Amino acid sequence: MKEKLLSLKEEAVKLLEDANTVEELDAIRVKYLGKKGELTKILKDMGRLSKEEKPAVGKVANEVREFLTDTISSEKERIYNSMMKEKIEKETIDVTLPGKNTKVGKKHPISRMIDEVSEIFIGMGFSIAEGPEVETVENNFDALNSPQDHPSRDMSDTFYFSEDVLLRTQTSPVQIRAMKEAVKNDGLPLKILVPGRCFRADTPDATHSPMFHQIELLVVGKDITMTEFKGTMNTFVEKLFGKDTKTKFRPHNFPFTEPSAEVDVTCFKCGGEGCPVCKGEGWIEILGSGMVHPNVLRNCGIDPDEYSGFAAGMGVERLAMLKYEIDDIRLLFENDIRFLDQF
Ligand SMILES: [Zn+2]
């Protein structure tokens with residue numbers, strides 16, 4: 001039995017010398033030390049030995065088992081270390097290699113325009129206000145002093161859910177919500193900027209879309225006059241289009257402001273000399289505005305003898321199309337990456 005053990009050891013040593021992987025070592029461990037392994041079998045058979053033989057054979061058997069256990073585990077460690085070394089050598093970082101380009105998405109021109117305008121007004125102390133896109137006729141028309149026969153109220157011009165509920169046609173109902181809220185919470189004076197989505201029953205063409213964006217602003221306080229209104233507008237256009245930009249206030253008629261004005265700016269492309277962007281006129285219309293109509297203030301519970309204010313609204317698509325020289329509004333909503341990638 002002793003000889004058997006020693007030849008088993010010799011055989012195992014040879015196998016261990018040839019083993020190069022952890023898997024091969026595991027196979028050797030199972031072959032000799034496993035439940036049905038060869039050494040295990042011999043150890044089981046030791047019961048048949050005489051009392052005199054047992055200690056000597058047992059000693060050898062234990063030695064062989066220890067030898068195999070130790071060698072297998074130290075060999076495993078050696079293989080593992082050399083694998084790690086090889087891996088580390090292979091993975092050495094070459095700092096001179098050019099980096100991999102990650103494709104980063106871009107902001108949509110509409111979002112960029114909203115961000116740009118918002119930043120200018122936030123810098124002037126305005127805060128952003130938002131409201132729902134599904135509005136009441138009351139907030140969208142009535143409280144804004146819109147006459148009952150105003151064409152935008154027409155069923156064919158606006159998306160109605162019912163007689164009293166519609167998809168808002170402008171961001172102006174947020175003015176009503178903000179003023180009522182301010183009256184309730186002692187929140188006057190008010191300086192808000194309202195970016196948002198609006199809807200009109202337009203057939204899409206190069207300049208019309210049934211869904212579009214507006215940015216609206218509203219200031220209500222004591223002693224707010226045309227001076228504050230014009231000063232704010234001038235500061236805004238200078239920041240948006242450049243320091244030399246001039247403004248022109250053209251009288252207009254909106255139901256919610258009195259007096260009302262459309263604001264033109266000198267063309268940022270040609271500086272006023274005339275070019276395709278301004279259609280040869282040198283001026284570009286960018287927003288509608290005016291002093292808040294006393295009826296609108298009254299409708300929100302604000303005394304027009306004590307408070308006054310001004311409001312202005314601009315089309316975000318129009319601004320973006322001017323600024324980026326886009327000639328078809330539909331391009332903004334087709335989500336064609338080749339188009340959007342240019343901004
Ligand atoms: Zn021009």
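This is a predicted model: local features need pLDDT of at least 70, side-chain atom pairs count only at pLDDT 80 or more; totals for chains, interfaces and linings use all residues.

One term before we click anything: a residue is buried if 20 or more other C-beta atoms lie within 10 Å of its own, exposed if 12 or fewer, and partly exposed in between, with C-beta atoms placed from the backbone. Select D341, in the segment after α11 (337–340); helices (H or I, at least four residues) and strands (E, at least two) are DSSP runs, numbered from the N terminus. D341 counts as exposed because it has 10 C-beta neighbours inside 10 Å.

Residues are numbered from 1 along each chain as its sequence is written.

Next, colour 2–90 and 109–340 separately: these are domain 1 and domain 2, with bounds from an automatic or database domain assignment. Their C-alpha centres lie 86 Å apart.

Stay in domain 1 (2–90) and select helices α1 (residues 2–18) and α4 (residues 53–90), whose axes are 10 Å apart at an angle of about 10 degrees. Therefore α1 is roughly parallel to α4, a label for angles under 35 degrees. Axes are lines fitted to C-alpha atoms, for helices over the stretch in contact, and angles run from 0 to 180 degrees between N-to-C directions. Show side chains where the two meet: L5, L8 and L16 are among the α1 residues, and V57, F67 and L68 among those from α4. Contact means C-beta atoms, placed from the backbone, within 7 Å.

Which strands sit at its edges? The order is β1-β4-β5-β9-β8-β7-β6, an open sheet of seven strands with mixed pairing, and the edges are β1 (127–128) and β6 (247–252). Strands pair if DSSP finds at least two bridges between them; β6 and β7 (residues 257–266) have six and run antiparallel. Click R250 and its bridge partner in β7, E262. Then select α5 (residues 109–123), which lies across β1, β4 and β5, at about 10 degrees to β5.

Last stop: L218, which touches Q175, L190 and A311, among others. Along with I192 and V220, L218 touches the most other members of the largest nonpolar core, which has 54 residues. Such a core is a set of buried Ala, Val, Leu, Ile, Met, Phe, Trp, Tyr and Cys residues joined through C-beta atoms within 7 Å. Another core, of ten residues including L25 and Y32, lies apart from it.

Terms used. Angles under 35 degrees count as roughly parallel, over 145 as roughly antiparallel, 65 to 115 as roughly perpendicular and the rest as oblique. Lists of a residue's contacts leave out its neighbours within four places in sequence.
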